[in-house]
Amino acid sequence: MITHVALPIPVRKTFSYLVPNTWVPFVKPFLRVKVPFKNREAVGFVVGIEEGCDKGLKEIQEVIDNFPPLDKKALQLAEWASRYYIASQGLVLGYALPPGLPIEQYLKIKVLAEIEPSGLDNLPLRKAYRLFGRDVVYKHYSNGLLRYYDTFTNKDFIPCSHEDVSDRGGKTLFLGNTNDRLQYYIIKIAQCLEEGKNVLMFVSNHHTIGQFCFDRLTEAFPGKVIRYGVSVTSKKRMETYFRARNKGGQIILGSRSCLFLSVLRNGLIIVERPEEDDYRNEAGFRFNAVNLAIKRAEIENVPIILGSASPPLDVYKRAVDGEINVIEKVYTIKKQPAEIIIEKGISTLGALPDELKSLLLQAVERNEKVAIYTPRKDYSSRIRCLDCKGLFLCQVCEGSLSYQKQRDALSCASCGKKFPYEECCRQCGSRLIQFSNVGVEYLEQTLGEAFPGVTIISAIGESLYENKEAFTKLSSREPVFVIGTQALAKPYGVKVDKLVMIEWEELQRIGGYRAMEKMFHILSSLVDVLEPDEIYAVMVRKKRVDLKGFFEIKTFYIGELEKRKNAQFPPFVRIFLLELEKENEVVGLRLVEKIKAAASEQGIIQHITGPLVQKRKKYRWRMIIRGNEEQLHDFLATVSIFPGVRVEADPVNI
DNA sequence: GAAATAGAACAT
DNA sequence: TGTTCTATTTCA
């Protein structure tokens with residue numbers, strides 16, 4: 001017997017192995033098998049079986065599963081995702097069932113008849129495998145002489161017995177602020193739980209948004225919320241794994257890692273804030289979990305609710321097209337947002353503008369809480385020598401370096417490497433260094449000096465979790481400044497008096513084709529979470545952006561859709577980014593030619609823009625492929641396995 | 001994706 | 001002819 005195995009590597013072909021006699025009765029489609037690969041071992045999925053025993057193939061070492069570890073609908077979802085994201089079947093399946101998921105660790109054996117060897121009853125599966133061999137246990141299992149039960153629910157482990165309960169389906173976009181959304185979710189969840197169904201709810205982030213939702217939902221449904229994700233311990237995670245597939249009437253709250261989780265009587269899927277970047281998986285199998293959640297709902301015929309104050313544009317388009325039903329409960333702000341126009345940016349000014357100072361001074365006098373947003377986190381993200389005019393660049397990749405005051409280190413924006421800060425220019429040794437493009441750290445320090453005695457909290461991605469207690473200061477009576485990047489919109493349940501946006505308009509320069517959409521998301525999510533009574537945008541006159549355009553949601557979206565349609569950009573066509581990196585220009589250009597040749601051959605050359613060459617330490621070519629995915633699929637699948645080529649579906653940063 | 005191998009550039 | 005680096009191939 002020969003089996004074809006899909007391995008979790010970016011290679012489209014499958015690998016064939018012989019099946020030794022011991023395993024022949026147990027090899028079935030979509031079970032995992034351990035196989036020799038190169039000179040190591042690998043875990044792959046059986047995707048094909050054929051008779052025969054020829055041509056010196058290697059043998060599989062072991063069949064890891066006794067039952068398909070993914071149910072039919074999860075497999076269907078994986079198949080769809082594999083095509084949509086141009087990822088190999090093995091890579092997607094490997095994500096769906098990560099190798100670190102210790103399923104057997106929490107399963108025990110229940111013996112149903114008299115069998116040899118004795119002593120299997122109540123034995124942990126792992127131990128039984130070790131003592132008697134997997135094949136012995138598998139044989140009894142397949143003859144129906146024993147069953148498994150998990151140690152959390154003590155219920156029989158029934159692989160893939162998913163009764164379809166939902167007769168509903170349907171997609172809803174709930175437009176509204178956090179409180180309204182939560183209320184709506186709670187009503188819908190209550191209906192499901194009453195009917196004994198489960199609810200699968202996605203959040204982008206465990207620590208902040210996830211914790212908040214967990215607290216609020218636990219309040220409404222005590223003991224019913226179970227979590228699944230990397231931030232809970234392995235044991236807790238496994239408990240959720242078994243409870244989700246064995247019991248009804250619960251809310252499974254998790255991140256993108258529960259996209260493929262088996263859920264018994266799944267009655268509803270909720271996606272909280274689908275516009276969040278954290279829904280994107282960047283390693284290995286790259287995808288956007290919102291897309292997959294919507295697809296899962298379709299496959300399972302389960303209703304899905306997407307809840308947001310500023311949904312992604314593609315979701316809004318689906319709503320306009322009538323595919324998604326809309327419930328609108330738009331927030332209102334108490335006072336018209338105000339624009340504070342300054343002549344020169346804070347970066348170039350070297351000091352805080354007077355208008356900003358007086359605004360903050362007034363706030364301090366009134367003991368107000370002020371949230372200050374800025375797009376950059378470090379002290380300065382542009383460091384220049386004033387003598388030789390050279391920029392500080394990374395020694396490894398020549399990306400631009402930013403200065404992190406707290407660590408007194410330079411950090412590379414493109415490769416992430418850190419270097420000590422020497423206080424002099426590496427080119428000419430001059431000590432006249434100019435910091436510009438300042439961020440949160442700079443404001444933190446400058447405002448600290450200008451307003452001694454005022455509590456200042458910073459909210460940036462990494463530090464947010466440790467900083468959580470600091471946020472309790474926001475409910476004190478003293479004035480508080482909370483300064484941060486987009487992370488400011490993560491800790492739900494915070495309330496400020498004023499929201500000040502600084503250099504927010506910069507995003508139109510760095511945001512690519514989604515610049516306006518990003519600006520909208522940031523502003524809306526800040527307003528949604530922080531509930532400011534007053535909003536101010538400090539903008540440089542030359543780059544001024546009309547704030548009003550961002551407060552009429554419908555007008556904004558319709559206008560943006562119109563622009564995208566005219567320019568033939570997503571969500572009207574799909575975009576793929578093709579990236580290749582080589583040290584040698586000639587070698588790279590050869591590869592570019594090879595790709596172009598493949599494109600001509602398949603008649604899709606007119607869909608390619610570029611390549612755009614970037615030369616730092618390495619050469620990097622980027623091509624953008626736009627068009628109908630059906631038409632592009634074969635081409636992308638072909639070039640995606642060229643060495644050094646990376647295809648990114650639906651890129652966000654171009 | 002990662003290891004083995006082929007190839008290029010440089011030093012001995 | 002050895003050494004070290006990068007590019008390419010291959011994995012069953």
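Residues are numbered from 1 along each chain as its sequence is written, while chains are lettered from A and ligands numbered from 1 in the order in which they are written. Because the model is predicted, local features need pLDDT of at least 70 and side-chain atom pairs count only at pLDDT 80 or more, whereas totals for chains, interfaces and linings use all residues.

**Domains**

Start by colouring chain A by domain: domain 1 (1-100), domain 2 (171-328), domain 3 (338-377 + 439-564) and domain 4 (574-649). These bounds come from an automatic or database domain assignment. The C-alpha centres of domain 1 and domain 3 are 50 Å apart.

**The DNA strands**

Select DNA strand C next. It is surrounded by 16 residues, the closest being F15, S16, K58, E583 and P643; a residue is near a strand if its C-beta atom, placed from the backbone, lies within 6 Å of it. Helices (H or I, at least four residues) and strands (E, at least two) are DSSP runs, numbered from the N terminus. By class, the surface near DNA strand C has eight nonpolar, three polar and five charged residues. Here Ala, Val, Leu, Ile, Met, Phe, Trp, Tyr, Cys and Pro count as nonpolar, Asp, Glu, Lys and Arg as charged, and the others, Gly among them, as polar.

Now move to DNA strand B. Around it are I9, P10, V11, K38, N39 and G284, which divide into three nonpolar, two polar and one charged.

Show α1 (residues 72-84) with α8 (residues 289-300). They pack at an angle of about 135°, with axes 10 Å apart; axes are lines fitted to C-alpha atoms, for helices over the stretch in contact, and angles run from 0 to 180 degrees between N-to-C directions. The two helices are therefore oblique to each other, given that angles under 35 degrees count as roughly parallel, over 145 as roughly antiparallel, 65 to 115 as roughly perpendicular and the rest as oblique. K73, Q76, L77, W80 and A81 of α1 meet L292, K295, R296, I299 and E300 of α8, where contact requires C-beta atoms, placed from the backbone, within 7 Å. The contact of α1 with α8 has five nonpolar, one polar and four charged residues.

Go on to α9 (residues 313-320) and α15 (residues 553-567), whose axes are 11 Å apart at an angle of about 95°. These helices are therefore roughly perpendicular. L313, Y316, K317 and V320 in α9 face Y557, E560 and L561 in α15, a contact with five nonpolar, no polar and two charged residues.

The last pair is α16 (residues 585-601) and α17 (residues 629-640), packed at about 155° with axes 10 Å apart. That angle makes α16 roughly antiparallel to α17. I595, A598 and A599 of α16 and F635, T638 and V639 of α17 make the contact, which has five nonpolar, one polar and no charged residues.

**Backbone details**

Most residues other than glycine have a negative phi, and most peptide bonds are trans.

- E116 to P117 is a cis peptide bond, omega near -5°; P117 is in the loop between β6 (107-111) and α3 (125-132).
- N154, not a glycine, has a positive phi of about 55° and is in the loop between β7 (146-150) and β8 (171-176).
- P570 and P571 are joined by a cis peptide bond, omega about 5°; P571 is in the loop between α15 and β28 (574-582).

Key:
Two residues are in contact if their C-beta atoms, placed from the backbone, lie within 7 Å.
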